[in-house]
Amino acid sequence: METNDVVMSGIQLKKLIARKVEPIMQECDLRPVELDVLVFLHGEKSIDTATGIIQKKHLSKAHISKSVEHLHAKGYIRLREDENDHRILHIQLTERSEELVGKVIRVYEECRDIMQRGILPEEMEIVKKVLAKINRNINQELGESFCDS
């Protein structure tokens, strides 16, 4: 397998997702990073701070800060001060964001189904194992701990 094959698959998948979520972004006046933050918070219950999102998603502080401000202003998240350290704000999804996140997750599932068309279940298991190894190798090289996500 050539490195370019892996990179191109990632780029193509990113284009497909972008095309499919575009109507949702326009309808809600949100940017891709903001949708990504909402979906992340929905799925990652143990991380609920901007710093945590920055570290886990490898996004810039400026992107996350601007996204949190915009999401809060639009009513998709609420911010709660930490009980022990007032400098830390915990981010919580609002009811308004749940419907939106559901739409985005359905788009992700649709893209997954498109990507997996014609691939047998046993082939998919091999792909999952190989991708896990690839991700582990890359994370080790980057000095990051391996995670299953």
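**View A. The buried serine S67 of helix 4.** S67 lies in helix 4, a helix being a DSSP run of H or I with at least four residues and a strand a DSSP run of E with at least two, each numbered from the N terminus. S67 counts as buried because its relative accessibility is 0%; buried means under 20% relative accessible area, exposed over 50%, and partly exposed in between (1.4 Å probe, protein chains only). Apart from neighbours within four places in sequence, the contacts of S67 are R31, V33 and E34, where contact means heavy atoms within 4.5 Å. This is a predicted model, in which local features need pLDDT of at least 70 and side-chain atom pairs count only at pLDDT 80 or more, while totals for chains, interfaces and linings use all residues. Residues are numbered from 1 along each chain as its sequence is written, and side-chain values use heavy atoms, with hydrogens and water left out.

**View B. The largest nonpolar core.** A nonpolar core is a set of buried Ala, Val, Leu, Ile, Met, Phe, Trp, Tyr and Cys residues joined through side-chain atoms within 4.5 Å. The largest one has 25 residues, and those with the most contacts inside it are L30, L35, L38, I77 and L100. At least two residues of this core come from each of helix 1 (3-28), helix 2 (32-43), helix 4 (61-73), strand 2 (89-93) and helix 5 (95-115). Helix 2 supplies the largest share, six residues. Not counting residues up to four places away in sequence, L30 touches M25, L35, L38, H70, L71, K74, Y76 and L100.

View C. Side chains of opposite charge can pair when their charged atoms come close. A salt bridge is a side-chain nitrogen of Lys or Arg within 4 Å of a carboxyl oxygen of Asp or Glu, and by this rule the count comes to eight. In one of them, the side chains of K74 and D29 meet at 3.9 Å, N to O. K74 lies in the loop between helix 4 and strand 1 (77-81) and D29 in the loop between helix 1 and helix 2, so the pair ties together parts 45 residues apart in sequence. K74 is partly exposed at 24% relative accessibility, and D29 is partly exposed at 49%.

**View D. The salt bridge between D36 and K57.** The side chains of D36 and K57 meet at 3.3 Å, N to O. This pair links distant parts of the chain, with D36 in helix 2 and K57 in helix 3 (residues 50-57), 21 residues apart. D36 counts as partly exposed at 22% relative accessibility, as does K57 at 29%.
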